[in-house]
Amino acid sequence: MSSNVIHIESRLDAQPGEPKIGPNSVFQTLEALRELEGSGQVQRTLARTGLATPIPESMIPERWFLDLIAELRRDLPRSKVDAILSRSGSHTAAYVSRRRIPTLVRFLLRVLPTRVSLPILLEAIRLHAWTFAGAGDVRITERYPYVIEVHRCPTCRGGSSLTPSGGYYAAAFEGLLRIVSPKIRVREHECV
């Protein structure tokens with residue numbers, strides 16, 4: 001008598017070659033959801049997406065962030081999803097600033113002239129884009145006025161090109177760039 005072995009693969013398991021993203025995209029989005037909509041909404045969202053908790057501290061499949069955003073869009077009005085993603089981006093910037101940028105570097109970026117420190121920080125963002133853009137491609141112009149483009153932006157996929165959806169990235173970039181100057185503003189021009 002032969003026996004069959006059935007392998008059941010979790011939909012959360014990473015597939016070979018699948019784009020990865022830093023877990024803060026999910027951590028901070030769930031935290032923003034809790035702050036704005038309550039713990040009950042977080043539990044419902046987690047149950048519907050199938051995301052297991054705790055979320056690992058290591059790079060995660062980009063799909064987890066995409067699934068979370070898709071569920072938020074199915075369940076909540078556009079204005080609430082935009083507010084959640086914007087707050088999540090702000091939380092992400094605060095986390096990265098505190099935990100990933102050394103205190104001395106933050107100090108130097110603040111005291112150097114903006115025309116010197118801003119290009120340095122933008123280059124660091126570009127070099128580390130792989131951690132937050134997943135399959136997206138980040139491009140930054142080399143001269144003022146600086147333009148940050150996130151092609152195949154995870155928060156814009158599945159949304160309407162008529163309505164901007166990049167609030168997560170706009171808030172994250174603005175929060176990081178304010179290390180250089182509190183006067184810096186980041187604004188989304190269009191969703192492509």
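Student: Which side chains meet in a salt bridge at 2.9 Å, N to O?
Tutor: A salt bridge is a side-chain nitrogen of Lys or Arg within 4 Å of a carboxyl oxygen of Asp or Glu. Here the side chains of Glu35 and Arg87 form one, at 2.9 Å from N to O. The two partners link distant parts of the chain, with Glu35 in helix α1 and Arg87 in helix α4 (residues 78-99), 52 residues apart. Helices (H or I, at least four residues) and strands (E, at least two) are DSSP runs, numbered from the N terminus.

Student: Before we go on, what kind of model is this?
Tutor: This is a predicted model, in which local features need pLDDT of at least 70 and side-chain atom pairs count only at pLDDT 80 or more, while totals for chains, interfaces and linings use all residues. Residues are numbered from 1 along each chain as its sequence is written, and side-chain values use heavy atoms, with hydrogens and water left out.

Student: What is the average pLDDT of the protein?
Tutor: pLDDT is the predictor's confidence in each residue, from 0 to 100. The protein averages 87, and 88% of the residues score at least 70. Over residues 1-11, the pLDDT is below 50, and beyond near neighbours in sequence this stretch has 5 contacts in the model (contact means heavy atoms within 4.5 Å). Where pLDDT is low, the predicted coordinates should not be read in detail.

Student: Are Glu35 and Arg87 buried, exposed or partly exposed?
Tutor: Buried means under 20% relative accessible area, exposed over 50%, and partly exposed in between (1.4 Å probe, protein chains only). Glu35 is partly exposed because its relative accessible area is 32%, and Arg87 is partly exposed because its value is 34%.

Student: How many salt bridges does the structure hold?
Tutor: The structure holds 11. One of them joins the side chains of Arg63 and Glu18 at 2.6 Å, N to O. That pair also links distant parts of the chain: Arg63 lies in helix α3 (residues 62-75) and Glu18 in the segment before β1 (20-21), 45 residues apart. Glu18 counts as buried because its relative accessible area is 15%. Another bridge pairs Arg178 with Glu174, at 3.0 Å from N to O. In that pair, Arg178 is partly exposed at 32%, whereas Glu174 is buried at 17%. Salt bridges that share partners also join Arg48, Glu71, Arg74 and Asp75 into one network.

Student: Where is Thr29, and what does its side chain touch?
Tutor: Thr29 sits in helix α1 (residues 24-37), and it is buried because its relative accessible area is 0%. A polar contact is a pair of N or O atoms within 3.5 Å; within protein, one must be able to donate a hydrogen and the other to accept it, and residues adjacent in sequence count only if both atoms are side-chain atoms. The side chain of Thr29 makes such a contact with the side chain of Ser88, at 2.8 Å. Leaving aside neighbours within four places in sequence, Thr29 has contacts that include Phe65, Leu72, Ile84 and Tyr168.

Student: How many residues of helix α7 are buried?
Tutor: In α7 (residues 167-177), 9 of the 11 residues are buried, so the helix is mostly covered. Among them are Tyr168, Phe173 and Leu177. The buried residues pack against β1, α1, α3, α4, α6 (114-127) and β4.
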